[in-house]
Amino acid sequence: MVGEHSSKQYDQELEGIRSKVLLMGGMVETQFDEALNCFRVDDAARADKVMADDHAVNQLEVQLDDACSHLIVRRQPTANDLRTVMATIKVITDLERIGDESSKIARTAKNLHARGNAGFAHFDMIRSIGKATSDLLHDALDAFARLDGKQAMQIIAADEIVDHEFRTILRNLITFMMEDPRTISAALDLLTLAKAIERIGDHAKNIAEFIIYIVKGADVRHGTMEDLESVAR
């Protein structure tokens, strides 16, 4: 009876942590969407708010790390339970870094508008990678909420779309700078912005990999698509 009671308490504590992780995920998803809007619309106050909101994300990361550490010490989880807690800690770190990248996007967008260079930026070019990455992040959070290994595998494959979009932007920006050196300053800011978006896609992919680790017990980081397919079978 004591063991059963302890198990229920552990489940409740772990579920409480998962709920807060999803709250954190919602915060960074909103932060990212708002950062993209800062690029589309000249709104310095909105950009400042995105950067200020990162403080709340950082504080939640500290609280969740502490909660996970206490859970390990008190409950001493083993096997699947320990794997879940350790993977959750990794997810928390990726979410915090998404917040950092969103702040970078907002700050860069604010600088572009302040210099009057946003018109050069070709918002459609950035909008494409922004939309693909936003979808990737949303799907990763949804897969984490449901511990959906199949969806997680699809997310890993879809990250290639974001990588392709970034490579296309990079080629275009190099062309702009070669044709007109006056665009170099704005182009470098745009490159910073696009790279931050691409990094958010990488973090969403990381979350998907940790979901697979929880569900399948397989570490698919740095593996090939063939490795991933073998895990799926």
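**Helix packing and salt bridges in a predicted model**

The crossing between helices α4 and α6 is left-handed, a term used when the near helix is turned anticlockwise from the far one by less than a right angle, clockwise being right-handed. The structure is a predicted model, in which local features need pLDDT of at least 70 and side-chain atom pairs count only at pLDDT 80 or more, while totals for chains, interfaces and linings use all residues. Residues are numbered from 1 along each chain as its sequence is written, and side-chain values use heavy atoms, with hydrogens and water left out.

Helix α4 spans residues 123–146, and its axis comes within 9 Å of that of α6, crossing at roughly 20 degrees. This makes α4 roughly parallel to α6. Here, angles under 35 degrees count as roughly parallel, over 145 as roughly antiparallel, 65 to 115 as roughly perpendicular and the rest as oblique. Axes are lines fitted to C-alpha atoms, for helices over the stretch in contact, with angles running from 0 to 180 degrees between N-to-C directions. The helices themselves are DSSP runs (H or I, at least four residues; strands are E, at least two), numbered from the N terminus.

Helix α6 (residues 184–216) also packs against helix α3 (residues 79–114), at an angle of about 165 degrees and with the axes 9 Å apart. The pair is therefore roughly antiparallel, and α3 passes α6 in a left-handed crossing. On α3 there is a further partner, helix α2 (residues 44–75), with an angle of about 170 degrees and axes 9 Å apart. Helices α2 and α3 are thus roughly antiparallel to each other, and their crossing is left-handed.

Two loops deserve a look for their backbone angles. In the loop between α2 and α3 sits Q76, which has a positive phi of about 45 degrees although it is not a glycine. Q76 counts as exposed, at 60% relative accessibility; buried means under 20% relative accessible area, exposed over 50%, and partly exposed in between (1.4 Å probe, protein chains only). The loop between α4 and α5 holds L147, another residue other than glycine with a positive phi, near 45 degrees. L147 is partly exposed, with a relative accessible area of 32%.

Turning to charged side chains, the count comes to 15 salt bridges, each being a side-chain nitrogen of Lys or Arg within 4 Å of a carboxyl oxygen of Asp or Glu. In helix α4, D135 pairs with K131, with the closest N and O atoms 2.7 Å apart; these residues are four apart, about one turn of the helix. D135 is partly exposed at 34% relative accessibility. Also in α4, and again four residues apart, R146 and D142 meet at 2.8 Å, N to O. Both ends are partly exposed, R146 at 46% and D142 at 29%.

K195 is partly exposed at 36%, whereas E198 is buried at 7%. Elsewhere, E13, R74 and R75 are linked in a network of salt bridges.

Finally, helix α5 (residues 149–179) includes I174, which is partly exposed, with a relative accessible area of 39%. Together with L170 and M178, I174 makes a nonpolar surface patch of about 290 Å². Patches are made of residues with over 30% relative accessible area and no salt bridge, joining like charges within 9 Å and nonpolar side chains (Val, Leu, Ile, Met, Phe, Trp, Tyr) within 5 Å. Accessible areas come from the Shrake-Rupley method with a 1.4 Å probe, and for residues only the protein chains shown count as cover.
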